[in-house]
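Reader: I would like to go through this structure term by term. Please set each value against the rule behind it before drawing a conclusion.

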Amino acid sequence: MSRKFGFSWGNKPTYTPAEKKGEINELKAQLKHAETEKDPAKKRDCLKKVIAYMTLGIDTSPLFTDMILACATKDLVQKKMVYLYLCSHAETKPDIAVMAINTLQRDCQDENPVVRGLALRSISSLRIDTIVELLVPLLKKALSDQAPYVRKTAVIAAGKLWRMSPDSFESLGAGDKLQALIRDPDSHVCCNALVILNEVMAKEGGVPVTKTLVYPLLNKLRDLNEWQQCLVLETALKYVPADEDEMFKIMNLLEERLWGANSAVILAATHLFLTLTQNLPNLHRQVYSRLKNPLLTLIATAPMETAYTCLCHIKLLISREPDVFADKYKDFYCRYTDPSFVKSLKLEILVQITNEKNYKEIMTELSAYVTDVQVDTVRRAIRSMGEISLKNNVGPGAGQVAVDHFLEFLEMEMDFVRSETLSVLKDFLRKYTDIKLVERFFPVIVKNWKEMEDTPCKVAFIWILGEYGEDIDDAPYILEAYCERSREEPHQVRLELLTACMKLFFCRPPELQPILGKLLHETIADFSHADVHDRALLYYRLLLVSPRFAAKVVCCSKEPVDTFETNESAEIKDKLFEEFNSLSVIFNMPSERFIVECDGVIGGVEEEEEEEEEEEEEEEEEEEEEEEEEQQRGLLSQAKLKPKPQKAPLMQLIPGPHTLSAQVYEQQWRDLEVCATGDIMTRPGVTSEAILQFTAAKHISCFASGPAGGQTSKFYFFATPQESQGIFCECMVDSSTGLANAVIKATDNTLGTHFFAVLRSALSPLAG
């Protein structure tokens with residue numbers, strides 16, 4: 001195998017320190033050799049080796065002085081390589097890097113605009129303090145250079161100057177010059193000037209967008225590349241047309257942007273169309289119809305990753321206007337070659353666009369996915385059929401169609417298909433309570449009950465036995481079998497088993513009395529899970545007071561469920577539309593949920609918290625090791641043991657109750673900014689009651705709580721520190737994984753980190 005630059009292609013580098021040093025010394029000798037100076041080809045090869053070594057991570061700093069001397073060349077290729085080397089090593093050797101400044105300044109006056117631009121880019125990239133004074137006069141001249149390449153480079157260098165020294169940027173008057181360069185005839189110059197000004201004026205909301213600014217940019221869209229088109233369209237979002245005629249002119253001008261080949265441009269134009277018409281409902285709906293075909297074409301022709309991005313945006317559009325895409329439901333059918341993440345998203349969209357006209361075709365298509373090779377897709381398809389049957393706009397016939405398909409799934413010889421179907425039936429039977437419709441399930445369910453292994457499947461099956469056990473002959477005996485091994489079951493199954501036995505006891509008391517008595521006796525004596533123990537104790541006391549009263553509590557009449565709560569609020573959807581064509585749509589959450597800026601560093605708070613946790617863990621490990629060593633030596637006396645350093649006390653919170661109205665809480669939550677976010681791990685299956693119990697012990701009041709869709713619960717906490725204003729917290733807890741995500745808002749950013757520590761301490765007992 002050939003060897004080049006000390007690297008065996010196909011294998012890892014096989015350098016030893018001696019080899020590295022020897023090859024660097026050899027390169028140093030070649031750079032100084034007279035023949036190398038005379039032969040440009042040899043000089044290029046030598047410089048290429050230097051750059052190659054630098055790219056491989058080899059220390060080439062000993063060549064710094066020789067590379068500075070190599071600056072004095074007229075060969076453009078050699079200049080590029082030398083300047084690349086200098087920019088990479090100038091920060092480590094600033095004293096020697098100053099020697100190259102004279103050559104760079106001289107190249108800034110060269111006749112060749114490429115050399116001038118290259119020199120200006122290099123001198124602005126040198127990370128040394130003394131460069132600012134030299135850069136200002138060079139920029140002043142370069143911003144008005146005749147060559148577009150030099151002006152473009154000067155605009156970028158102006159942004160670097162602003163980061164290094166804002167005062168020098170202001171003294172140069174670079175802001176006004178960049179404003180003028182936005183109207184530059186060269187597209188690279190004007191777009192780079194716009195980007196730099198937006199960064200400089202970020203605190204003021206970016207560049208003020210006026211008619212004189214946005215019209216020239218829109219008129220030159222055809223001459224811009226895709227990145228520049230996206231920038232102009234994003235800028236146009238800030239412009240408010242004077243009247244409808246002006247709005248229509250802009251939309252007609254941008255119509256062809258919807259039919260391009262670049263997904264970013266299409267989505268940026270879509271965002272602009274939706275923003276322009278947001279206050280005109282009728283026109284807004286027409287815009288949805290206009291956007292439909294370009295977006296569908298894009299998902300059919302784009303790569304899978306791009307198609308997924310477009311599908312996420314289509315899903316958001318459908319949440320407002322589901323009927324627009326209802327006639328194109330076949331475009332969202334899953335293809336065999338689609339990856340699982342695309343199939344999952346398409347299934348969600350199919351549920352959203354289902355109506356009375358197309359539900360039969362869509363449910364038939366979904367039933368075919370049960371034979372898919374991917375188990376996740378099969379489960380998702382069955383859940384989607386259940387969700388469609390629960391929609392109010394599909395008509396009464398959807399329930400009968402769903403029953404036919406579910407019966408087929410329950411007869412299949414695939415455990416995960418039967419398991420998911422039973423889990424879906426639990427919600428299905430809460431809406432369709434007609435016994436003539438649902439009694440067809442009973443023989444099939446009872447036949448395979450011994451093969452059920454998944455916890456959600458068992459919970460759903462036991463729930464069905466409790467609700468319809470009066471019509472299922474073997475229901476008491478099946479429950480008895482579960483009761484005999486109840487201690488081996490997860491707590492979710494045990495909770496449902498208690499409720500099912502209580503319900504069936506009032507329907508068939510002779511058969512259930514011994515079963516229920518034994519179950520209550522064993523569960524009350526078992527303290528392994530607090531929720532199970534407390535529920536058994538509640539049922540026992542209800543029966544002790546009055547069986548009739550217990551029957552009214554446990555077997556109260558229930559109305560059929562017509563509407564199931566979704567986990568998406570209108571407020572979140574509005575925020576997602578404001579952040580259209582961004583990661584917020586992909587993550588399905590506002591940017592404030594996953595981006596925290598602290599002192600100019602994205603995610604600074606979370607990184608600091610992680611570092612603090614790591615340091616605490618390291619200190620604790622060191623202390624434990626020291627104690628173990630001393631114990632092994634027999635030095636157990638209290639006088640010889642080193643005292644443990646005291647940890648910083650947690651924030652002290654004032655005990656409740658807190659007098660705070662719902663209106664005040666909502667207003668404060670909207671007005672305050674996010675000051676901290678973080679994740680806390682609890683055990684899977686954690687209950688809302690346990691969370692409320694442990695947070696209340698730390699004087700954290702729960703203002704409101706409830707389900708947020710699936711197995712996720714949402715809590716709104718409130719706490720008042722001593723000598724400070726209140727702290728507001730939204731906590732999303734996924735009981736399936738035990739992950740709790742906290743978003744904290746307060747008037748003082750420092751309060752957020754301290755309160756998160758208190759919340760983490762409160763939930764720490766639930767991590768086991």
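Author: Helices (H or I, at least four residues) and strands (E, at least two) are DSSP runs, numbered from the N terminus. This is a predicted model, in which local features need pLDDT of at least 70 and side-chain atom pairs count only at pLDDT 80 or more, while totals for chains, interfaces and linings use all residues. Residues are numbered from 1 along each chain as its sequence is written, and side-chain values use heavy atoms, with hydrogens and water left out.

Reader: Where does Asn588 lie, and why is Asn588 called partly exposed?

Author: Asn588 belongs to the loop between α34 (583-587) and β3 (597-598). Buried means under 20% relative accessible area and exposed means over 50%, with partly exposed in between (1.4 Å probe, protein chains only). Asn588 has a relative accessible area of 36%, so Asn588 counts as partly exposed. Its phi is positive, about 60°, although Asn588 is not a glycine.

Reader: What is the phi of Asn581, and how do you know whether Asn581 is buried or exposed, or in between?

Author: Asn581, which is not a glycine either, has a positive phi near 65°, and Asn581 sits in the loop between α33 (570-578) and α34. The relative accessibility of Asn581 is 32%, and therefore Asn581 is partly exposed.

Reader: What makes α22 and α23 roughly antiparallel?

Author: Axes are lines fitted to C-alpha atoms, for helices over the stretch in contact, and angles run from 0 to 180 degrees between N-to-C directions. The axes of α22 (residues 375-389) and α23 (residues 397-410) come within 9 Å and cross at roughly 155°. Angles under 35 degrees count as roughly parallel, over 145 as roughly antiparallel, 65 to 115 as roughly perpendicular and the rest as oblique. The angle of roughly 155° is over 145, and therefore α22 and α23 are roughly antiparallel.

Reader: Why is the contact between Asp338 and Arg335 called a salt bridge?

Author: A salt bridge is a side-chain nitrogen of Lys or Arg within 4 Å of a carboxyl oxygen of Asp or Glu. For Asp338 and Arg335 the closest N and O atoms are 3.4 Å apart, so the pair meets the rule. Asp338, at 3% relative accessibility, is buried, whereas Arg335, at 37%, is partly exposed. By this rule the count comes to 30 salt bridges.

Reader: What makes the salt bridge of Lys343 and Asp372 a tie between separate parts of the sequence?

Author: The side chains of Lys343 and Asp372 meet at 3.0 Å, N to O.
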